[in-house]
Amino acid sequence: MLDLKRRVDASDAVLIVMPEINRSFPALIKNALDWASVPFGQNSWSEKPLALAGASPGAAGTSNGQGHLRTTLPLFGFVVMGQPEVYFHFKEGAIDHNHDISDEASRMFLLNFIEQFDAWIDRHGNRSAVMLAAE
């Protein structure tokens, strides 16, 4: 828990990339949100710019999970980016052996998402040296 809080405290923003599980978000995400928000008065998420993305084999699966997660995010004090939304329909051949996006339209869409998130961080975050806290 303390390592998670240190990583979040040192980061400029939060990007949650998630699957959908039974029309909701994974319990692991809820646990991470809860643990980094305590103890009272030491919420590591407060005022962090945040964006959501996800992939699923079904056309709309991750939208269900993200929609459910979005209802809890204001409780943690995030500054949530509303658009663009990423509901990546993962299908055979979407990503090649080098982990590159094979479809040019999808690649351009995801690149635009990253550019928009970068601008969101500039508007709503406290930029320092770029730090990545990924698990």
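Is arginine 7 buried or exposed, or partly exposed, and at what relative accessibility?

Author: The model is predicted. Arginine 7 has a relative accessibility of 28% and counts as partly exposed, because the partly exposed class lies between under 20% for buried and over 50% for exposed. The side chain of arginine 7 meets that of aspartate 3 in a salt bridge, with 3.1 Å from N to O. Aspartate 3 is partly exposed too, at 40%. Both residues belong to helix H1 (residues 2-10), and because they are 4 residues apart there, about one helical turn separates them.

Side chains of opposite charge can pair when their charged atoms come close. The structure holds 3 salt bridges.

Another of them joins lysine 30 to aspartate 34, with the closest N and O atoms 2.7 Å apart. These two residues are 4 residues apart in helix H2, so about one helical turn lies between them. Lysine 30 is partly exposed at 30% relative accessibility, and aspartate 34 is partly exposed at 29%. Helix H2 covers residues 27-35 and also contains tryptophan 35.

The spacing here is 3 residues, about one turn of the helix. Arginine 107 is partly exposed at 35%, as is glutamate 104 at 44%.

How values were computed:
Residues are numbered from 1 along each chain as its sequence is written. This is a predicted model: local features need pLDDT of at least 70, side-chain atom pairs count only at pLDDT 80 or more; totals for chains, interfaces and linings use all residues. Side-chain values use heavy atoms; hydrogens and water are left out. A salt bridge is a side-chain nitrogen of Lys or Arg within 4 Å of a carboxyl oxygen of Asp or Glu. Buried means under 20% relative accessible area, exposed over 50%, partly exposed in between (1.4 Å probe, protein chains only).
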